[in-house]
Amino acid sequence: MGQPEPISTIIARQLAGLGIGREIKRASVGNLWPELVGSDIATHTRVLKMDLGRLFVSVDSPTWRQELLYQKEAFIKKLNRELGEEIVADIIFTGP
């Protein structure tokens, strides 16, 4: 008999078999956002939804929206790295 598998490995395999692992990753983007962008940005933004690879984020001011546009590609890379695959293709910043 081999060594026991970690429960995380078993769960990941089961989710992949059910075809819902990617959906769970999509759903977790909103929870990852504050951690990955930091508290300053998180206080000025709110994740609205994920739709067809696009992450919609509400921003509380035009100044913050402009600043976040400059960092958009870095955010996409950080999110996808954390998720372990290409889940976020684009970020749409909305707001005033």
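Reader: Where does leucine 52 lie?

Author: Leucine 52 sits in the loop between strand 1 and strand 2. Keep in mind that this is a predicted model.

Reader: Buried or exposed, that leucine 52?

Author: Exposed. Leucine 52 has 77% relative accessibility.

Reader: What about the phi of leucine 52?

Author: Phi of leucine 52 is near 50°, which is positive, and the residue is not a glycine.

Reader: How many bridges join strand 1 to strand 2, and do they run parallel or antiparallel?

Author: Six bridges, antiparallel. Strand 1 covers residues 45-51. Strand 2 covers residues 54-59.

Reader: Which residue is the bridge partner of lysine 49?

Author: Phenylalanine 56, in strand 2.

Reader: What pairs with strand 2 in the parallel sense?

Author: Strand 3, residues 90-94, over five bridges.

Reader: How does the chain cross from strand 2 to strand 3?

Author: Through helix 4, residues 62-83. That makes a β-α-β crossover, and it is right-handed.

Reader: How many residues of strand 2 are buried?

Author: Five of the six. Strand 2 is therefore largely enclosed by the rest of the structure.

Reader: On to helix 4. Is lysine 72 buried or exposed?

Author: Lysine 72 lies in helix 4. Lysine 72 is buried, because its relative accessible area is 18% and the cut-off for buried is under 20%.

Reader: What does lysine 72 touch?

Author: Asp90, Ile91 and Phe93. That leaves out residues up to four places away in sequence.

Reader: Which residue forms a salt bridge with lysine 72?

Author: Aspartate 90. The closest N and O atoms of the pair are 3.0 Å apart. The pair links distant parts of the chain, with lysine 72 in helix 4 and aspartate 90 in strand 3, 18 residues apart.

Reader: And how accessible is aspartate 90?

Author: Aspartate 90 is partly exposed, at 22% relative accessibility.

Reader: How many salt bridges does the count come to?

Author: Four. Lysine 72 with aspartate 90 is one of them.

Reader: What does glutamate 85 meet in a salt bridge?

Author: Lysine 25. The N to O distance is 3.0 Å. This pair also links distant parts of the chain: glutamate 85 is in the loop between helix 4 and strand 3, lysine 25 is in helix 2, and they are 60 residues apart.

Reader: How accessible are those two?

Author: Glutamate 85 is partly exposed, with a relative accessible area of 28%. Lysine 25 is partly exposed too, at 26%.

Reader: What about arginine 26? Which residue is its salt bridge partner?

Author: Glutamate 23. The closest N and O atoms are 2.1 Å apart.

Reader: Where do arginine 26 and glutamate 23 sit relative to each other?

Author: They are three residues apart in helix 2, so about one helical turn separates them. Arginine 26 is partly exposed at 26% relative accessibility. Glutamate 23 is partly exposed at 45%.

Reader: Change of topic. Is asparagine 80 buried or exposed?

Author: Buried, with a relative accessible area of 5%. Asparagine 80 lies in helix 4.

Reader: What is asparagine 80 in contact with?

Author: Glu85, Glu86, Ile87 and Val88, leaving aside neighbours within four places in sequence. Glutamate 85 is the residue that forms the salt bridge with lysine 25.

Reader: Last one. Which residues form the nonpolar patch on the surface?

Author: Leu18, Ile20 and Ile24. Together they have about 280 Å² of accessible area.

Reader: Where is isoleucine 20 found?

Author: In the loop between helix 1, residues 7-18, and helix 2, residues 21-37. Isoleucine 20 counts as partly exposed, at 35% relative accessibility.

Definitions and conventions
Residues numbered from 1 in each chain as written. Predicted model: local features only at pLDDT ≥ 70, side-chain atom pairs only at ≥ 80, totals over all residues. Heavy atoms only, no water. Buried < 20%, exposed > 50% of the residue type's maximum accessible area, 1.4 Å probe, protein only. Helix = DSSP H or I, 4+ residues; strand = E, 2+ residues; numbered from the N terminus. Pairing = 2+ DSSP bridges. Right-handed = clockwise from strand over helix to strand, strands pointing away. Contact = heavy atoms within 4.5 Å. Patch = residues over 30% accessible without salt bridge, like charges linked within 9 Å, V, L, I, M, F, W, Y side chains within 5 Å. Areas by Shrake-Rupley, 256 points an atom, 1.4 Å probe, with all protein chains shown as cover. Salt bridge = Lys/Arg side-chain N within 4 Å of Asp/Glu carboxyl O.
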